[in-house]
Amino acid sequence: MRQNELAASMGWHRSRLSHQLTRMVDRDLVRRLDAGGKVMFEITDTGRAAAARARPVHAAAVREKLIALIPPDQRDRLAEILRALAV
């Protein structure tokens, strides 16, 4: 994904994203690619492994800190709201 596209999709300033990506490159989570004068990034194997390790921890935190606090009869409404936000 191009850096500009990534920044726009996240609502971040390019400079903020650039600093974050530099830190991620330093940790071997992503790599910078030169694609004909455009800056592109791709995830590394190390980055994929880190994301895989983080997924269950993140899911557990969402269940504990969000879903568990919503009464069961209102959870379907939450799912509707989240789907609407994802568009």
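Modeller: Let us begin with Glu 64 and Lys 65, which form a salt bridge whose closest N and O atoms are 3.4 Å apart. The term stands for a side-chain nitrogen of Lys or Arg within 4 Å of a carboxyl oxygen of Asp or Glu. Please keep in mind that this is a predicted model, where local features need pLDDT of at least 70 and side-chain atom pairs count only at pLDDT 80 or more, while totals for chains, interfaces and linings use all residues. Residues are numbered from 1 along each chain as its sequence is written, and side-chain values use heavy atoms, leaving out hydrogens and water.

(Exposed is over 50% relative accessible area, buried is under 20%, and partly exposed is in between, with a 1.4 Å probe and protein chains only.)

How many salt bridges does the structure hold? There are three. Side chains of opposite charge can pair when their charged atoms come close.

Another of these pairs joins Arg 31 to Glu 42, with 2.8 Å between the closest N and O atoms. This pair links distant parts of the chain, since Arg 31 sits in strand E1 (residues 30-35) and Glu 42, 11 residues apart from it, in strand E2 (residues 38-43). Helices (H or I, at least four residues) and strands (E, at least two) are DSSP runs, numbered from the N terminus. Arg 31 is partly exposed at 36%, and Glu 42 is partly exposed at 34%.

Now move to helix H4 (residues 75-85), where Glu 80 and Arg 77 are three residues apart, so about one helical turn separates them. Their side chains meet in a salt bridge, at 3.1 Å from N to O. Glu 80 is partly exposed, at 41% relative accessible area. Helix H4 also holds Leu 82, a residue that is partly exposed at 45%.

A charge can also sit over a ring (NZ of Lys or CZ of Arg within 6 Å of the ring centre and within 35 degrees of the ring normal). Look at Arg 16, which lies over the face of Trp 12, 3.9 Å from the ring centre.

Is Gln 3, in contrast to the exposed pair we began with, buried or exposed? With 8% relative accessibility, Gln 3 counts as buried. This residue is part of helix H1 (residues 3-10). Apart from neighbours within four places in sequence, Gln 3 is in contact (heavy atoms within 4.5 Å) with Arg 14, Leu 17, Ser 18, Leu 21, Val 39 and Phe 41.

Back towards strand E1, Asp 28 lies in the loop between helix H2 (14-26) and E1. Asp 28 is partly exposed, with 38% relative accessible area.

Helix H2 itself includes His 19, which is exposed at 51%. To end the walk, find His 19 and Arg 55 in the view: they are 36 residues apart along the chain, and 24 Å separates their C-alpha atoms.
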